[in-house]
Amino acid sequence: MKSPFCSLSFSLSFGIQDDHRLSASELETKYGTSISEGLSSAKAAQVLARDGPNALTPPKATPEIVKFLKQMIGGFSILLWIGAVFSWISFGIQLAQGTVSFIDQLYLGVVLALVVILTGIFAYYQEAKSTNIMASFSKMIPQQALVIRDGEKKELPADQLVVGDIVEIKGGDRIPADIRLIFAQGCKVDNSSLTGESEPQSRSCDFTHENPLETKNIAFYSTTCVEGTATGIVINTGDRTIIGRIASLTSGVGNEKTPIAIEIEHFVYLVAGVAISIGVLFFIISVSMRYKILDSIIFLIGIIVANVPEGLLATVTVSLSLTAKRMAKKNCLVKNLEAVETLGSTSVICSDKTGTLTQNRMTVAHLWFDNQIYSADTSEDQTTQPFDQSSPSWTALSKIVTLCNRAEFRPGQENLPIMKRVVVGDASETALLKFAEVILGDVMNIRAQNKKVAEIPFNSTNKFQLSIHKTDDPNDERFLLVMKGAPERILERCSTIMINGKEEPLDSEKAEAFQTAYMELGGMGERVLGFCHLYLPENEFPDTYSFDTDSMNFPTSNLCFVGLLSMIDPPRSTVPDAVSKCRSAGIKVIMVTGDHPITAKAIAKSVGIISATSETVEDIAKRLNIPVEQVNWREATAAVVNGMELKDMSSQQLDEILCNHSEIVFARTSPQQKLIIVEGCQRQGAVVAVTGDGVNDSPALKKADIGIAMGIAGSDAAKNAADMVLLDDNFASIVTGVEEGRLIFDNLKKTIAYTLTKNIAELCPFLIYIIASIPLPIGTITILFIDLGTDIIPSVALAYEKAESDIMNRRPRNKRKDRLVNEQLAIYSYLQIGIMQSVGAFVTYFTVYAEQGFLPSTLLGVRVNWENNAINDFEDSYGQEWTKYQRTYLQWTGYTAFFVSITIQQVADLIIRKTRRNSIFQQGNKVIWVGIFSQIGIALILTYGLGHVTALNFTPLRFQYWFVAVPFAILIWVYDEVRKLFIRRYPGNHLHPIFLSKENITNFPISSLLLQAGGTRTCIIKTHPHHCLLPPYGDLLPLLTKPLLLECPVCAISSMGSPHDGVKEFHDYEKK
Amino acid sequence: MATLKEKKTCSERMEDFRRFVWNPETKLFMGRTLINWVWISLYYLAFYVVMSGIFALSIYCLMRTVNPYEPDYQDHLKSPGVTLRPDVYGSRGLQIYYNISDNKTWDGLVTTLQTFLTAYTPAAQHLNINCTNDTYFFQDTFDGPNKTKLSCKFTSDMLQNCSGITDPTFGFPEGKPCFIIKMNRIINFLPGNGTAPRVNCTYVGDESSLLEVDYYPVNGTFNLHYFPYYGKKAQPSYSNPLVAVKFLNITRNVEHRILCKVIGAGIISDNVYDPYEGRTLLKNT
């Protein structure tokens, strides 16, 4: 991970020309331009043709045709291709032998190929659709730039800019290219997307540093101009900009497979393994049973087709895209369908602070006047402020806040809520302006009534801002001098302090009180400003007095201190809830920010990333009053790691921190360090989600299992590198995404279990056909109609299934253990439910044959004669004689009957798969009815509507045969309800493997458990400082009321054990 | 995700596998304790015994409900199939070729016919009664021995020249071969609606030349007293009535397509999918 950045600084130092050293006129000659006239259109067009448009080349996409072909040969397609090729080969052999009666083989091969191609096209279309959403999103905001060309100012699309263009920028614009400034007025740029520094940096036309990245006269592409105006010459465009070069480095970080892709691959291997081994086994059996090789090949095809769930991958794609749609509604835009599930298996979220956890705007949080700290409302939609505003000190303070402020609302926003209005001015002034507007009403009017006569803006040497106003009291001829600034500097200039509206001398006791308040507010990570004022004596400063701000012909000391205001970028109101959800979901939230550790920690505490009770090493040291070095750092659950420390850390040290602290905040980190943190988490085996917005975040976003870019604040490079875009930049949206991701994983499990079950009922006919030589119970084409016809809509319907109550109270799934398809699921589906289905279908089959004249005993061993075209007087059990065609027609009736009974039993299968542990009576889902009705409807259409189309091998079936399998369907349902009852009743029983219940352990946070236990002090088996072990579905909860448990000591289990351990220890404990 | 991809050497994999099969520390065999395996096996044993029981029970119930004398439905037997003896099939149906002067080429055909007709010797037919009425032979009661119904006798001598009695070579050496046409049995099927169905053979596609045929019995009819058929259990000794056709004027060394239809009400002979329903097509040289 080192390499991109080592080489980055290297290439950059060579990359940028020495443009920052040149004078304006030298630049004019170098680029053949004129500062006043700009380039000529002709010259611009010429350069544009040479350099190409000013846009970043999007990362090289896989060619569409490759994507398409991948869909064609991926997954099960290859098996089906093999089947199709075998069909054609056997047809070819038969053709060569001159027996054309086997045209069926050609037909089957074509159908198989069609199935592959159609499902491939479908999957490709789904994939393309979700990519398109993303593409349209990035096109939403075409950027414009103000350019001087041919001596005129023009608005041009930013991608038309060329080297040598003269562009004008103003506050709020995005810098359209790398620009050497030639004129700047109060210009400040936000370089956070490039360097990660959140403080705006001033820009001028002076050459201040040898390093082009440090010098003040260059503004970089994709950064934003926060305030002021500037004019500059474009010196680099497109991929040659600094950002462009970084972006091209990101493509070096490889794309890893998503967890769901791994799961599906695992599933394909499993099913293909079963298909091939059964196929080969029966090929050998049929050859040794002296079947012809050609026949054996045909059996092989049948077995493969029966085993491969052709429709499943399409269903998975549909389910994922349904979830992606649902997530898009909740502001998570998913670029890559598979990322939907990745989010669900996330175990660590590395989140940015600014904008993601916080509202990304300074807001007044606390006030101090009259020796008292007041809290202000910091929520997103404040309309009033609740603190006590009766004191005359507040009146004085509010006047200073209102008047000593240069920020203004942009006009024309009177109808917007105050918090949403756009303000021209820096962050703190904006905060103060909005604060005053909320409390006092029309600030601009107040300012107009208190006319400003002189002003000294804030600068870094003075560290204060001052203005002098006429008062709005017509009887008061005095001028009012108001001042705000760094509290200690303000205090220095004061000799009195206002207490309850009265000026009192500022003695050491009062200064002490000020210091305490200042420290307290600063300790909360807030930016504190001091406010003071002075009424200038009327006699010295009459109405006509002319104030001169340069000579400062007015007093700036011995002022009256009024109060302190502190500001913070407050957390979004939804975040604390979301963080606690993550916690109960077993997801570790790590904050990574460029901010000061104190601010970071304060925000972390207020959103719950650091919980109220946990301490850092420093906290423990402070509490015990011992040096930090003496603290046993294992006792500290929380850690605030400074970027400086991180720089000197080895990866082992980082691992130790990540491993031993459950609550971690990384402060003062650069975006580059984010990559190191992500890699550290991945070394622990975690599935890491990372949020980011800057260009420099893109390697981390790429490296993460799921990169989440910010939709509002995010740069294009970040969005390109990410798998997901958060449209509202809100952390809480990630948690909703996690919930959806987990749900879809659970639901896909259901879908797969549902789909796999009938494989046995499709496979058994072939096996029995080979072994017992009965007429073929179900044809290959008919199987395709089940897999791609009746079963598709029900499997998709399962994706609409709601969560089984505890979805966010579980630990994230363990990548190695909680597979999408595990042996138990396969065995339960194949060896239990599948067998029941086969029995039901065979009973229908035998019923149909018996009632038409062939009793089961007659059917055994008849295969060779039955299929012989030369026998046209084949005798049945009643002595009747059948021609070949009559037999074939009966065989198709058998297919139809088998098909119908599988469909009927799949309805039962659908009902039992709806829930994995809950009873069907405990959970409803209306979409499932759509599934059931579609299933039966399609079967009816195939049987009665298309029953006369010979090629489809369906016949209009006598209606009563639909009901033969119903008792078996009911049996399946009852059996599964009993199973569910069993696992709910007896969690941890060793028969569970049979019953498919080795599930994720429910992992409640202690707090919620206490809540459920009625708030009594209870101890459960404790496995972790904040989590404890409960058997699935809280069968323990009723037990919690037992007095025995109420006062039990903490019984810790050494490791995160299996449910068995947990339950066992619990039972052991209960016995004692 | 990179963390998952730890490359293992082959010996490590083998070791892992051995550990999986038998882990001496945890005493797990294939990931479970032995007692666990016993439980699981017992469970599956019981499960499959029960399932087999359910299956057997279902089949038993099925057998109890089906009628032993006639099937519940005859959905696919609306009309009887017609077959020919000797039956030599090529890739496109019946194809019979032989060389008059080489008796090896027709010995097989003659043997087939002779074997086929052994079921129609008087000895084989001794259980059946002689019927003389030319009407359907309805039997509402079980008049035969052992609760069976009576069947009418059909003996090979009824085929006269094609019976193999007078001419054991069935006319093959003379180029005037005999073929025997049989209509498939269908329970309770009443062909012809009161008039006896008869066989009619013609050339196909070549209307100009007329095929001269001798039909045995006379007119090539199936006598109505052989119908209806009451099924194997009711009429164990029933044998299908036959019609023999002797082609008299077949041009040698030319391929002919001859279609023999059974004509009679209720006998469908124009089902495009089924070439043997009510008809049989013969290629002959």
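Here are some notes on a predicted model with a chain A and a chain B.

1. Start with where the two chains meet. Chain A brings 58 residues to the contact, and chain B brings 54 residues. Together they bury about 4,900 Å², with carbon and sulfur atoms giving 60% of that area. On the chain A side, the residues that lose the most area to chain B are A:Tyr878, A:Gln880 and A:Glu881, and together they make up 15% of what that side buries.

2. Seven salt bridges are counted between chain A and chain B. One to find on your screen is the pair of B:Lys232 and A:Glu875, whose side chains meet at 3.6 Å, N to O.

3. Which parts of chain A supply the side that touches chain B? Several elements each give at least two residues, among them helix H9 (259-288), helix H23 (671-683), strand E28 (881-882) and helix H32 (884-914). Helix H29 (823-852) of chain A is also on that list, and H29(A) gives the most, with 13 residues. Sorted by class, this side of chain A has 27 nonpolar, 19 polar and twelve charged residues.

4. Now turn to the sheet in chain A.

5. Strand E25 (residues 706-710) and strand E26 (residues 724-726) of chain A run parallel and are joined by three bridges. If you want a spot to check, A:Met710 has A:Leu726 in E26(A) as its bridge partner.

6. A helix to look at here is H22 (residues 651-660) of chain A. A:Asp655 forms a salt bridge with A:Arg683, with the closest N and O atoms 3.0 Å apart. That pair links distant parts of the chain, since A:Asp655 belongs to helix H22 and A:Arg683 to helix H23 of chain A, 28 residues apart. Over all chains, the structure holds 38 salt bridges.

7. Strand E10 (residues 363-369) and strand E11 (residues 372-375) of chain A run antiparallel, joined by four bridges. A:Phe369 stands opposite A:Gln372 in E11(A). Two residues lie between the strands, and A:Asp370 takes a positive phi near 50 degrees in this hairpin.

8. Last, some backbone details. A:Asn331 has a positive phi of about 75 degrees although it is not a glycine; look for A:Asn331 in the loop between helix H11 (312-329) and E8 of chain A. In chain B, a cis peptide bond joins B:Arg85 and B:Pro86, with omega about -5 degrees. B:Pro86 is in the loop between strand E3 (82-85) and strand E4 (89-90) of chain B. Another cis peptide bond joins B:Phe227 and B:Pro228, and B:Pro228 lies in the loop between strand E8 (213-216) and strand E9 (242-247) of chain B.

Note on methods:
Residues are numbered from 1 along each chain as its sequence is written. Chains are lettered from A and ligands numbered from 1 in the order in which they are written. This is a predicted model: local features need pLDDT of at least 70, side-chain atom pairs count only at pLDDT 80 or more; totals for chains, interfaces and linings use all residues. Side-chain values use heavy atoms; hydrogens and water are left out. Two strands pair if DSSP finds at least two bridges between them. Contact means heavy atoms within 4.5 Å. Buried area is the accessible area (1.4 Å probe) that two parts lose on being put together, summed over both. A salt bridge is a side-chain nitrogen of Lys or Arg within 4 Å of a carboxyl oxygen of Asp or Glu. Ala, Val, Leu, Ile, Met, Phe, Trp, Tyr, Cys and Pro count as nonpolar, Asp, Glu, Lys and Arg as charged, and the others, Gly among them, as polar.
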